Amino acid sequence: MKFMKLGSRPDTFYTIEAARSVSSDVSSDLIIQLKGSKYMLHKFPLLSKCLRLQRICSESPETLERQIIQLPDFPGGIEAFELCAKFCYGITITLSAYNIVEVRCAAEYLQMTEDVEKGNLVYKVEVFFNSCILHGWKDTIVTLQSTKAFPLWSEDLGITSRCIESIASKVSSHPSKVSLSHSHSRRVRDDISCNGAEIQRHRQTIKGWWAEDIAELSIDLYWRTMIAIKSSGKVPSNLIGEALQVYASRWLPNISVKVKANKDAAASSSDSDSPGEVTSKHRLLLESIVSLLPSEKGAASCSFLLKLLKAANILNASSSSKMELARRIALQLEEARVSDLLIPCLSHSSDTLYDVDMVQTILEEFMSQGQSPPTSPPRSKLAIQRRRRSRSAEIVNIEFQEARRSSSASHSSKLKVARIVDGYLQEIAKDRNLPLSKFIAIAETIPNFSRPDHDDLYQAIDIYLKAHPDLNKNERKKLCRILDCKKLSVEACMHAAQNEKLPLRVVVQVLFFEQARAAATGGKVTELPSNIKALLASHNIDPSKPPGPLSTTTSNIPADDQWSMSGIKSPKSRISTLKPKAARDADLDENNMNPDGMGRPSKFKAFCALPTRPKRMFNKLLSINRSGSEKN
């Protein structure tokens, strides 16, 4: 830390009868009262350097007694005035970053300028401030912090703005070019002297060397400093984001515990404004941090943004701040963790544990980013193109592969988000107060193509069914409609087949697809448990035979328990398997149209919708049925 000494005489100030005076052969003729203190001094040394005191004495009538001057609006405390008075007497004083602001404000108030005497206090303080304080990193930060006690004076004298500009210019420089404190300089030199793997490990620390130091600033000064740093355009956005995270960790740790403590204090204390003021300060701090977030994607980690959103929920921050955070989180939602998405719900209108609506908003924002899934062009459009132009299937396949590559990044992020959402569903499913509609809404936000398998989704549904045993039959059916049994693994199928909480419709679907998969792969058909056999037998269902998918009138299952086979692709012949997928899709569209343009019967569509391999089994079944009908 830099310092400067002024004057050469020893300190002769002393206290007598609750008053401060100075040892002298001449009796005092001036009494100055300020801040509840009294100083018994002499006119000559003070009036020769203080223009304000000259004017006050000249306006007062001449008296033989000591003249009394009151300074009620004096900036700074009695320490600052005493330093100015000692300077007038030539007594040695020491200036540093810790007292330069109050001395500068006091000297300005007393008008200790060059107009009164050359080399006056204002001039000497300015020289020290510009040549030493602003050149040092720690000195500048300490000086900027001390301006908080004299905001108006510091602004008028340009102390605050000059400190901020100095900090911003140093941040954009390498730490080796900045005059740091001894301990910090040694740490940076150690980092720079590292080699190999060590220099890689410390390189990021060197780049963000300034973040921890300026995190000591109050939010208003920090906000202005960060605006100046961002305006320079020399600091990468990721370093800005890391600095904001350091500041938030410094001032917003365990915010939920603090708010709860404030509420308890408000309940037990008659002074209820104090906890509210603390919450308001934290709210202002959080909203200021949100306003400082860089616009670039990835500048702040998704985990940090979600922590800010949790704090915003707890502090009841403005809706604009919450929506801004939700928008930024949606841009990098694939980086989130399930635990980060568990935002506490503090709304009086909802009894749920977590703020599901906010997560729903984030998911909707994520899905509305204009990224299309990697699917083939629409079938009808492709068929028209094939009729208009004789384009080979290979060319169509090339176009399809290009479309897939162009959107592969967005598809990859949606696959990751789907995993995260399924894990989130497993957590919120434990909440007994979570409405079924909100659970389904979260699950349906993710498109079907983003879930290659439904094992995690099935687990979430199973947890919800266990946590909500009072669901009626229709509600359980509604819940299970979001589940695609074809995408369940063998283990999940076996668990679902024995899950008594699932509707019978889902159990039948699981059994059929598992049996068809085992038959198609040539594997052994799994023996069903006795309780499942008894359940199916009570509904006249033979698990060894697939239910008749082509007819809905002969089934013994009630209408609301019948299941659909839609959505399963069908091959043509062995030759058709050599065609590209896009060409097969086009053939399917053309074959599904009658000459008169009308669609084929629903039974034929259902047949075409059977899986690729199990269709061979159904071809045999159909041939047996036809031969039996001909005999009859």
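This is a predicted model: local features need pLDDT of at least 70, side-chain atom pairs count only at pLDDT 80 or more; totals for chains, interfaces and linings use all residues.
Five strands make up an open sheet in the order 2-3-5-4-6, with mixed pairing.

- In general, strands of a sheet pair through backbone hydrogen bonds, and the pairing is either parallel or antiparallel.
- Strand 2 (residues 13–16) and strand 3 (residues 19–22) run antiparallel and are joined by four bridges.
- Tyr14 has Ser21 in strand 3 as its bridge partner, and Thr15 has Arg20 in strand 3 as its bridge partner.
- Two residues lie between the strands in the hairpin of strand 2 and strand 3, where Glu17 takes a positive phi near 50°.
- Strand 3 is also joined to strand 5 (residues 37–41), by two bridges, and these two strands run parallel.
- Arg20 stands opposite Tyr39 in strand 5, while Thr15 has Arg20 as its bridge partner in strand 3.

**Helices against the sheet**

- Helix 2 (residues 51–59) lies across strand 4 (30–34) and strand 6, and runs at about 125° to strand 6.
- Helix 3 (residues 78–89) packs on the sheet and touches strand 2, strand 3, strand 4 and strand 5.
- The direction of helix 3 makes about 5° with that of strand 5.

**Helix 5 and helix 8**

- In general, two packed helices are described by the angle between their axes and the distance between the axes.
- The axes of helix 5 (residues 121–131) and helix 8 (residues 159–171) come within 12 Å and cross at roughly 20°.
- Angles under 35 degrees count as roughly parallel, and helix 5 and helix 8 are therefore roughly parallel to each other.
- Helix 5 passes helix 8 in a right-handed crossing.
- Helix 5 contributes Glu126, Phe129 and Asn130 to the contact, and helix 8 contributes Ile159, Arg162 and Cys163.
- Sorted by class, the residues in the contact of helix 5 with helix 8 are three nonpolar, one polar and two charged.

**Helix 23 and helix 24**

- Helix 23 (residues 436–445) packs with helix 24 (residues 455–467) at an angle of about 175°, and their axes are 12 Å apart.
- Angles over 145 degrees count as roughly antiparallel, which makes helix 23 roughly antiparallel to helix 24.
- On the helix 23 side, the contact is made by Leu436, Phe439 and Ala443.
- On the helix 24 side, the contact is made by Leu457, Ala460, Ile461 and Tyr464.
- By class, the contact of helix 23 with helix 24 has seven nonpolar residues, with no polar and no charged residues.

**A loop residue: Ser347**

- Ser347 is in the loop between helix 18 (338–341) and helix 19 (356–367).
- Ser347 has a relative accessible area of 36% and is partly exposed, because this class lies between buried, under 20%, and exposed, over 50%.
- Ser347 and Ile314 are 33 residues apart along the chain, and their C-alpha atoms are separated by 9.6 Å.

Notes: Residues are numbered from 1 along each chain as its sequence is written. Side-chain values use heavy atoms; hydrogens and water are left out. Two strands pair if DSSP finds at least two bridges between them. Axes are lines fitted to C-alpha atoms, for helices over the stretch in contact, and angles run from 0 to 180 degrees between N-to-C directions. Angles under 35 degrees count as roughly parallel, over 145 as roughly antiparallel, 65 to 115 as roughly perpendicular and the rest as oblique. A crossing is left-handed if the near helix is turned anticlockwise from the far one by less than a right angle, and right-handed if clockwise. Contact means heavy atoms within 4.5 Å. Ala, Val, Leu, Ile, Met, Phe, Trp, Tyr, Cys and Pro count as nonpolar, Asp, Glu, Lys and Arg as charged, and the others, Gly among them, as polar. Buried means under 20% relative accessible area, exposed over 50%, partly exposed in between (1.4 Å probe, protein chains only).
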